[in-house]
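Here's a quick tour of the structure shown below. Take a look at it first, then read on.

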Amino acid sequence: MTTESWVESAADGGFGIENLPYGVFARPRELPRVGVAIGDRVLDLAGLAADGTIDGRRWFASGSLNAFMAAGRPAWRANRDRLVQLLTDAAFRERVRPHLVPLGDVELLRPFEVADYVDFYSSEHHATNVGRILRPDRAALGANWKRLPVAYHGRAGTVYPSGTPIVRPSGQRRTGDEDEPVFGPSLRLDFEAEVGFVAGVPSGTGRGVPTWAFRDHVFGFVLVNDWSARDLQAWESQPLGPFLSKSFATSVSPWVVPVAALEAARVEPPAQDPEPLQYLRCDEPWGLDLRLEVLINGRVAARPPFASMYWTSPQQLAHATVNGAPLRTGDLFASGTVSGPERAQRGCLLELSWNGREPLELDGGMRRAFLEDGDTVTVRASAPGAGGATISLGEVSGTVHPPL
Ligand code: CA
């Protein structure tokens, strides 16, 4: 059953009472603070806490979600329950209304301080396509791919909020017909449409986070664009993984959708064969029916389905911590490029243009093999919410700027 909010705009746009994502916002000449999206407003939690209407003044009068994320699941649940009460019971309307700020009046900032950043590679369709494109003489998937969720450590310090300009990176590249590498701006700049989850509650050194404990540690989900320079990547990633081809910028969406808001989006993930080792088994279905949409300059480039991901988020977290490395508040885990089985479901230009050989045709006669200066890439997503509602994950956007 869906409960109605008294906020007039709450029924539209995917930011209804079933969603209530957390973010950090600032009004002109004011310090950043924590808020929750409802309709076309942001509810100022720092203001509500200062009034004594909700608990948690020290969590919310802050430029990041980290303190609240570290408070743990009982605190998350109590806050969410209280916000639902305040936003649905008309008796609270006069008390709450002064704390509703039009979204158009605020700047949305990076929602949390990123501790460590890990990027997985968990779409079978993406990994298979990339294998075919870059290593046509070998098996598309490595021998380990279906045994463990492959990943690399990225650079936490260059995870930027949506809207941050993306300066085209420079570096070394060597193409197939050159003997020597050359230095210069990347000629094959790409996006990767991904979904990330962020840890709230740390884990102890030497103790992993089992798949069943996912909800006790993970606060919520964001959208991620893992900007990638393919020409730099191909030359530098021999034999180790991506380095400068990825570390110049990663963009995240402003709203962190709580795990609790995504319960209605959970679906059976694809069957796993062979059966994973014990520590990667999961009793609950943790596929997520998030429907992504990638736009280049406002034109739809792809619609990747997150439900098609081979490895699930609890499996990724269990794997990332199974060696005893402790989880920290603010650790960000991105899924890897989300690609479905169809061409129109591929989550990066490397696949959509088959490494530039078949440029992508967009509405209005626009063709893209890779990104050009001035291009704006936007990733947005929606999901089923409680009571038949649709919830939005918002969007992550960035515009490519020429080298400085
Ligand atoms: Ca990636």
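Along the chain, the donors of the calcium ion are spaced as D-x72-E-x1-E-x31-D. Glu-194 sits in strand S13, while Asp-226 sits in the loop between strand S14 and strand S15, so this pair ties together parts that lie 32 residues apart in sequence. Keep in mind that this is a predicted model.

**The calcium site**
- Asp-119 and Asp-226 each bring an OD atom to the calcium ion, and Glu-192 and Glu-194 each bring an OE atom.
- These atoms coordinate the ion at 2.2 to 2.3 Å.
- Are Glu-194 and Asp-226 buried or exposed? Both of them are buried.

**The overall fold**
- If you count up the pieces, the protein chain has 11 helices and 26 strands.
- Its radius of gyration is 21 Å, close to the 22 Å that the globule rule gives for 404 residues, so the chain is as compact as a globular protein of that length.
- Picture a box of roughly 70 × 50 × 35 Å along the principal axes: that's what the C-alpha atoms fill.
- Take the contacts between residues at least 6 apart in sequence: 71% of them join residues at least 24 apart.

- Of the 404 residues in the chain, 54% are buried.
- The chain exposes about 17200 Å², and carbon and sulfur atoms supply 50% of that area.

**Charges**
- You'll find 40 positive and 48 negative side chains in the protein chain.
- The centres of these two sets lie 2 Å apart.

Technical notes: Residues numbered from 1 in each chain as written. Predicted model: local features only at pLDDT ≥ 70, side-chain atom pairs only at ≥ 80, totals over all residues. Heavy atoms only, no water. Donors = N, O, S within 2.8 Å, 3.2 Å for Na, K, Ca; no water. Helix = DSSP H or I, 4+ residues; strand = E, 2+ residues; numbered from the N terminus. Buried < 20%, exposed > 50% of the residue type's maximum accessible area, 1.4 Å probe, protein only. Rg over C-alpha atoms; globule rule 2.2 N^0.38 Å. Contact = heavy atoms within 4.5 Å. Areas by Shrake-Rupley, 256 points an atom, 1.4 Å probe, with all protein chains shown as cover. Lys, Arg positive; Asp, Glu negative; His and termini not counted. Charge placed at Lys NZ, Arg CZ, Asp CG, Glu CD.
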